[in-house]
Amino acid sequence: MNHPIIIIGAGLSSYQLAREFRKLDQTTPLQIITADDGHFYSKPQLSNAFATKRSAETLVNANAATMAKQLNATITTQSKVTRIDPTEKKIFCGEHIYPYSKLVLACGAEVIKPPLVGSGVEAILSVNHIHDYAHFRESILEKRHIVIFGAGLIGCEFANDLIDAGFEVHVIAPANAPIDLLIPEQIGHLLQKALEQKGVHFHFGCLAHRVEKNKAQLSIELSNGETLTADCILSAIGLTPSLTLAKTAHIHTNRGIVVNHFLETNYADIYALGDCAEVEGQVLPFIIPLLMCGRALAHTLAGTRTAVHYPAAMPITVKTPAYPIVICLPPKNINGEWQTEIKENNARALFYDAEKNLRGFILTKEYVTERAHHLQQIPVEQHP
C-alpha cells in the first residue's frame, strides 16, 4: 500500500501547495490533517473585514468537504498532531497513527503574547485565524472604545478598519512611528497623520505593562504613566513561527523550522513551508514567498526536485485606505541607499544599490500608481 503525502495544517500555504501538486500529479494519495475545521479562506482579509460588515461565515470560500473534493484529498479535521516519528515515518494524533511517504509541515505561526500583569490580561484578544475574527467581531458588538497593542502592518490595518467602522481607536507601540520595521520613520509619520485625521489616537514610545478588569471595562497602565480605558483590547504585536511539533521531533529550528532552498528539513522526506518555515535563513510571512514555495515544493513532491527562487521584487500592499502604501523591500544584504521624495503628503522612496540599480521602493497615495513602472526597473534576478 502506498502511504500518502501528508500536509500538517490547512492554511493558505497548505491548500496552495495541494493545488499546485494536483496540477502535476492527480493520483498520489494526499492527506491534509488540521486541528481546526479546515475552512479555506484568505487570512489577509481578516484585518479589513469589519468596516465592510463581513462576518466570519462570509469570508469562508470553501469548507473542508469541498476542498477535499477539489483536491482529490483526504482532509482530516479537528485532529491535532501530537507527535512525529521521522524514523518510522508516522505521525500521531492522540491514539490515531498515520504513516506517510512524505511529510510537509505547514503549521503556521502563533500570536506573540504581550508580557503583562493584572486581572484583565486574559481578556486581551488577538486575530490570527477566522475563528479569532468571529470571536473578536462578536466581542466588540455594542462596544465603542478599542485599544490596539502594536503599530505594525496588522495593527495599522485594524486601526484603519475599526475607525471606519465607527469605533474609537487607540494604538500603543514602543516605536516612534507606524510600521517602523518596514518603512522609514518620515513615511510612517505620514501614515500616522492620515489615521489621526480619521480619529485614531497613537501612543508611541511606551508599552502597556498592566491591564486590570473594572466591571465591563479594561484599565490599561502604560509605561509613561498614562492610563487608558477600553471596552476591548486587540493585541497585534506580531507572530512567531509554530515550532513545538518540530522541536519534539528533533527537526532543526531557529527563528522558524530550518529548511534549505528545496524546503527540506534535516530529515529525509520532511519539508516545511509558509509562516512556520525559515528558508535559507529568512522567515517571510507574506503571500508572494508563500506562493513561490508552494509551486517549488509541488514539483519536488511530484518527483522533480526543485529549488524555490523568489522574484527580485515582492511588493506588499498595506491595507490602509486612509493612506495607501505599497512596499517592495530590497533583497536582504544588498548594499545601497534610499532616496526619498515627499510632495504634498505623497511619498516615493527608491532604493538603489552601489551600481545605481533600483532594488526596492516604497510608494504612497498617488505614487502607488507607479508600482508597475518601478517593478519593471528592478533587475530580473532571483534569490535567495
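Q: How close do the axes of helix H1 and helix H8 come, and at what angle do they cross?
A: Start with the terms. Helices (H or I, at least four residues) and strands (E, at least two) are DSSP runs, numbered from the N terminus. Axes are lines fitted to C-alpha atoms, for helices over the stretch in contact, and angles run from 0 to 180 degrees between N-to-C directions. Here, H1 spans residues 12-24 and H8 spans residues 287-301. Their axes come within 8 Å and cross at roughly 40 degrees. This is a predicted model: local features need pLDDT of at least 70, side-chain atom pairs count only at pLDDT 80 or more, and totals for chains, interfaces and linings use all residues. Residues are numbered from 1 along each chain as its sequence is written, and side-chain values use heavy atoms, with hydrogens and water left out.

Q: Why are H1 and H8 called oblique?
A: Angles under 35 degrees count as roughly parallel, over 145 as roughly antiparallel, 65 to 115 as roughly perpendicular and the rest as oblique. H1 and H8 cross at roughly 40 degrees, so they are oblique to each other.

Q: Which residues make the contact between H1 and H8?
A: Contact means heavy atoms within 4.5 Å. H1 supplies Leu12, Ser13, Gln16, Leu17, Glu20, Phe21 and Leu24. From H8 come Ile287, Leu290, Leu291, Gly294, Arg295, Leu297, Ala298, His299 and Leu301.

Q: How do the axes of H1 and helix H3 cross?
A: H3 covers residues 64-71. The two axes come within 10 Å and cross at roughly 25 degrees. H1 is therefore roughly parallel to H3. Tyr15, Ala18, Arg19 and Arg22 of H1 meet Ala64, Met67, Gln70 and Leu71 of H3. Five of these contact residues are nonpolar, one is polar and two are charged.

Q: How many disulfides does a search of the whole structure find?
A: A disulfide is a pair of cysteine sulfur atoms within 2.5 Å. The search finds zero. For cysteine 293, the nearest cysteine sulfur is that of cysteine 276, 10 Å away. For cysteine 328, the nearest is that of cysteine 293, 17 Å away.

Q: Is cysteine 293 buried or exposed?
A: Buried means under 20% relative accessible area, exposed over 50%, partly exposed in between (1.4 Å probe, protein chains only). Cysteine 293 has 4% relative accessibility, so it counts as buried. Cysteine 328, at 0%, is buried too.

Q: What is phi of glutamate 280?
A: Phi of glutamate 280 is near 50 degrees, a positive value in a residue other than glycine. Glutamate 280 lies in the loop between strand E21 (277-279) and H8. Its relative accessible area is 41%, so it is partly exposed. Glutamate 344 also has phi near 50 degrees. That residue sits in the loop between strand E24 (336-343) and strand E25 (346-353). At 69% relative accessibility, glutamate 344 is exposed.

Q: Where is glycine 38, and what does it touch?
A: Glycine 38 is in the loop between strand E2 (30-33) and strand E3 (40-41). At 0% relative accessibility, glycine 38 is buried. Not counting residues up to four places away in sequence, it touches Ala10, Tyr15, Asn63, Ala64 and Thr77.

Note on methods: Ala, Val, Leu, Ile, Met, Phe, Trp, Tyr, Cys and Pro count as nonpolar, Asp, Glu, Lys and Arg as charged, and the others, Gly among them, as polar.
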